Amino acid sequence: MLETTCVKQLTDRQTQFGNARKLDLSECIFVFKGSQSDYEEPLSDEEVDLKPLREATIAVPTPKISEKRKAEEADASKDLKKAKLETKALKAKRPGFTDERYNETSYYVENGLRKVYPYYFTFTTFTKGRWVGEKILEVFAREFRAHPAEEYERCIRAGTLTVNYQKVDVDYRLRHNDLLANVVHRHEVPVTSEPITVIHMDEDVVVVNKPASIPVHPCGRYRHNTVVFILAKEYNLKNLRTIHRLDRLTSGILLFGRTPKKARQMEHQIRNRQVHKQYVCRVEGEFPEEEVVCSEPIEVVSYKIGVCKVSEKGKDCVTRFKRLSYNGKSSVVLCKPQTGRMHQIRVHLQYLGYPVVNDPLYNHVVFGPEKGKGGNIGKTDQELVRDLISIHNAENWLGMDGDSEMSLFKPKLDIEERVSLSNDKDGSSPSSTPGLGEEEQQQQQEQSLKVTVGTQTGSEPPDSSFTNDKMTVDPHCYECKVKYRDPKPSDLVMYLHAWRYCGPGWEYETPLPAWAASDWTEEDR
């Protein structure tokens, strides 16, 4: 504790300046209570040895580190720095993909679907604050539910799931800034084989018409089956800057910047509501003929799975609706969002009682008997999230672009049967993995770890059919041992289309999908 007192006249009898030093009136005396110096003072008149409180530092010779260890530590440090830079680049929406990434695998088309040959991929993430102090196995078992805890335990013991690129024990407790890396045999979810068409392209921007079912950028179980990767691999359009996003099941206009300046300019225009957006959708029932304006605030119920609802605690948002046609069962509606909230059009239509015909999320009784009409859900947010996860197979529709915080769920595709690899026929698709002996599988796995399968870059089209030579099989991969049924066409489309975007000095428009025709019926699906 520090105290200051002013005195009129004092004599400083024992100071380094000598005895009987006079102090002026303006000087202050500083009295330090309870302080300690380097030496303890005796409590009595007895003579004691003055012992230093701080021990003298003893120089200890640093052990020599072998050149091999130095190289290993340097490589690990370089990898850590590289991972951090990639993470920052992704967060800043700066392009960070290289040809090495694009060459990881290639595509093939089967049953009207674009599929990806399985490939080895190192998933990396930094320890989140809520994980610090927890055991690594417990974190993976809880947060990454794509595989059972036993599989993560096997990976940790085998050294394919590492911390800072070092093998650890299953009881290792995570620390701040730990880099987790997991080598996985990655199987992506199929998307439609409908091509991405380029509407406009110049030195500044690229405008495309995105088919439904294809996410904009890598997220969840999607990486190569994304707009960003397809444009790079098949159109040689690389290093594009994402200006805005569309939900995975939403089709329509998508803008990319080819230069940082143009991307920032258009992002600024969208943020300041200088861009007018028009969407077209098909909703259940007979929508009113007059214009309907919905200004109900929207709240995010769960960022992890991407679900919203109308709530007084939500953010302000406005959507204008105008009916274009009615075929006796459903209506085609023009939507003009004045704000850009998550799932805004879909949530407002649900609230009005006219949900999108095939919206697998907001047109469901999980929101109550009236499917959330008028905001009547009849359950807490926790109950809603719990029921959504238990009723639906989440990655088919939960989350914006499937972009949940982590890949939590198994794919939507129904498991037809779990089959032994040896029962499959050669030449069949990876939905039924080709059969290989255990030794052959091991050899192929080792080769795949050294050589990347697939050489698709530039403007090369996907394989027109499955090629067995490009198929890799991992004996420890759960996905390789499961046979999945291909998704149905109804799983790949939602009747919501981004039709027209116009801003200061520019305007882009896409053709309307077939379901938007006034005489369209359910039989035309």
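What follows is a chat about a predicted model of one protein chain.

Visitor: Which strands are joined to S14 by bridges?

Guide: One of them is strand S12, residues 205-210, which runs antiparallel to S14 and is joined to it by 6 bridges; within this pairing, Val205 has Gly257 as its bridge partner. Strand S13, residues 241-242, also runs antiparallel to S14, with 2 bridges between them, and here Thr242 is partnered by Phe256.

Visitor: And S23, is that one parallel or antiparallel to S14?

Guide: Strand S23, residues 496-503, runs parallel to S14, and 2 bridges join them.

Visitor: Switching to helices: how far does H6 reach from its first C-alpha to its last?

Guide: Helix H6 is made of 12 residues, 260-271, and it reaches 16 Å from its first C-alpha to its last, which is close to the 16 Å expected at 1.5 Å a residue.

Visitor: Which residues of H6 are buried, and where do they sit around the axis?

Guide: The buried ones are Ala263, Met266, Glu267, Gln269 and Ile270. Seen down the axis of H6, these buried residues fall within an arc of 155 degrees, so they line one face of the helix. As background, an α-helix has 3.6 residues a turn, so residues three or four places apart point the same way.

Visitor: What covers that buried side, and what is on the face turned away from it?

Guide: The cover over the buried residues of H6 includes S12, S13 and S14, along with strand S15 (276-284) and strand S24 (506-509). The face turned away carries the exposed residues Lys261, Arg264 and Arg271. After the helix comes Arg273, whose phi is positive, near 60 degrees.

Visitor: New topic. How many disulfides does the count come to?

Guide: The count comes to 0 disulfides. Cys335, for instance, is in no disulfide, and the nearest cysteine sulfur, that of Cys281, is 3.5 Å away, whereas a disulfide would need the two sulfur atoms within 2.5 Å.

Visitor: Is Cys335 buried or exposed, and what about Cys502?

Guide: Cys335 counts as buried, at 0% relative accessibility. Cys502 is buried as well, because its relative accessible area is 18% and the cut-off for buried is under 20%.

Visitor: Last one: what do S17 and S18 form?

Guide: They form a hairpin with 4 residues between them, and Gly306 in the turn has a positive phi of about 70 degrees. Strand S17 (residues 298-302) pairs with S18 in the antiparallel sense over 4 bridges, with Ser302 standing opposite Val307.

Visitor: Which way do the residues of S18 point?

Guide: In S18, residues 307-310, Val307 and Lys309 point one way while Cys308 and Val310 point the other way, and all are buried. In a regular strand, side chains alternate between the two faces of the sheet.

Notes
Residues are numbered from 1 along each chain as its sequence is written. This is a predicted model: local features need pLDDT of at least 70, side-chain atom pairs count only at pLDDT 80 or more; totals for chains, interfaces and linings use all residues. Side-chain values use heavy atoms; hydrogens and water are left out. Two strands pair if DSSP finds at least two bridges between them. Buried means under 20% relative accessible area, exposed over 50%, partly exposed in between (1.4 Å probe, protein chains only). The expected span of a helix is 1.5 Å times one less than its number of residues. The arc is that of the directions from the helix axis to the C-beta atoms. Contact means heavy atoms within 4.5 Å.
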